[in-house]
Amino acid sequence: MRLVAGLWGLMVVFSGCVQRSENAVVIYSAADREYAKPILAAFERRQTGMELAAQYDIESTKTVGLVTRLESEASRPRCDVFWNNEIMHTLRLQKAGLLQSVRWDVPGNWPQTMKADDGTWLGFAARARIIMLNQDMFPEGVERPQSFADLASPKWQGKCAVALPLFGTTATHFTVLDQLLGKERAHELFANIKQNAVVLSGNKQVAQAVSSGTVAWGITATDDALVELDAGLPVEIVYPDQAPAELGTLRIPNTIAVLKGAPHPVAAVALANYLVSEDTEGRLAMGPSGQFPVRPGHPQLSRAQGPDTVRWMDADFSAAAGRWPSLSDELRQLFQAD
């Protein structure tokens, strides 16, 4: 018996295997707690006996704090699943080799721009980058903004707002435009926006400035606009750049990834696939954040969507991500120069 036990111990040592409990899973979530917590609770109810530990980001650090933590833990991962409420920093983790390939339980026609070629992440439940305007400041017959580029139009000087483009969905938006427009055209646009628009600390602040009438309109994300709409304030969502020759409205997905060396790999994949399921996207579409399902043919529309079909921007997030390191320095110099 001692010999058998000894041999088993040697097998464990030389194979590098350790016995790990699969009744627990750790998730780091950059998605807001009030949106994510009910979804995670539903997973626990379905997986009898499963223990789920969630670590949420701090609003002031956005996603950056959690990504920095994942990088610091790379040699000894503590996190199993990363739920990011955007995509650029997920691509940063992919490039660093910190994510593992997953067999995703999704349809084969999942949008190409919403999944990694190597299977390391999947995009789902997107927010839209929209124009939010104050209805009291746009009576019938008054011209309305229709494009992101209107932020740079002198006719709106001091009357429109955008978030500082160094964090969150605004940083992603500027990076995608830099890739689509090219460096020269994009830099000219960004410089004109800096001179023309009111630059605020975040999307929430933009939405509040519009609803209070401090500015007439601004560019923000649908979830922040819905907070003001739900409060009964006189605001309206307009989907920008819908004309045939224009770029379309940018949608920025949530992303799910499993960490390489995840302590609970089986449970991690189960949770990851649940989070990209039809049920989860339906909950997020009808929930407070009104996110847009990515799953082709999803039966549930976002509650943020009006009667018209939205024409989405053809964004190559992977190509755009490679431009962020240099672009972030340029944007910092441009928007924080004063």
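Contact here means heavy atoms within 4.5 Å of each other. With that in hand, among contacts in the chain between residues at least 6 apart in sequence, 75% join residues at least 24 apart. The model is a predicted one, in which local features need pLDDT of at least 70 and side-chain atom pairs count only at pLDDT 80 or more, while totals for chains, interfaces and linings use all residues. Residues are numbered from 1 along each chain as its sequence is written, and side-chain values use heavy atoms, with hydrogens and water left out.

The chain has 12 helices and 10 strands; these are DSSP runs numbered from the N terminus, with helices being H or I of at least four residues and strands being E of at least two. Its radius of gyration is 22 Å, close to the 20 Å that the globule rule gives for 338 residues, so the chain is as compact as a globular protein of that length. (That radius is taken over C-alpha atoms, and the globule rule is 2.2 Å times the number of residues to the power 0.38.) Along the principal axes, the C-alpha trace spans about 90 × 40 × 35 Å. Buried residues account for 51% of the 338 in the chain, where buried means under 20% relative accessible area, exposed means over 50%, and partly exposed is in between (1.4 Å probe, protein chains only).

Now for a helix pair. Helix α7 (residues 203–212) packs with helix α8 (residues 222–230) at an angle of about 35°, their axes 9 Å apart. The axes are lines fitted to C-alpha atoms, for helices over the stretch in contact, and angles run from 0 to 180 degrees between N-to-C directions. On the α7 side the contact is made by N203, K204, A207, Q208 and S211, and on the α8 side by D224, A225 and E228. Sorted by type, these residues give 2 nonpolar, 3 polar and 3 charged; Ala, Val, Leu, Ile, Met, Phe, Trp, Tyr, Cys and Pro count as nonpolar, Asp, Glu, Lys and Arg as charged, and the others, Gly among them, as polar. The buried residues of α7 are N203, V206, A207, A209, V210 and S211. Just after α7 comes G213, with a positive phi of about 85°.

Positive phi also turns up away from glycine. A125, in strand β5 (residues 122–134), has a phi near 45°, and at 1% relative accessibility A125 counts as buried. D241 sits in the loop between β9 (235–238) and β10 (251–259). Phi of D241 is near 60°, and this residue too counts as buried, at 10% relative accessibility.

Within α2 lies A41, which is partly exposed at 26% relative accessibility. The C-alpha atoms of A41 and A24 are separated by 13 Å, with the two residues 17 apart along the chain. The loop between α2 and β2 (51–56) holds G49, an exposed residue with a relative accessible area of 52%. From G49 to W83, 34 residues apart along the chain, the C-alpha separation is 22 Å.

Two further residues round out the picture. E73 is in the loop between α3 (64–72) and β3 (81–84), and is buried, with a relative accessible area of 9%. Leaving aside neighbours within four places in sequence, E73 is in contact with Y28, R78 and C79. E73 and L98 are 25 residues apart in sequence and 9.9 Å apart in space, C-alpha to C-alpha. V199, by contrast, belongs to strand β7 (residues 198–200) and is partly exposed, at a relative accessible area of 29%. With neighbours within four places in sequence again set aside, V199 is in contact with V162, A163, L164 and F335. V199 and S318 are 119 residues apart in sequence and 27 Å apart in space, C-alpha to C-alpha.
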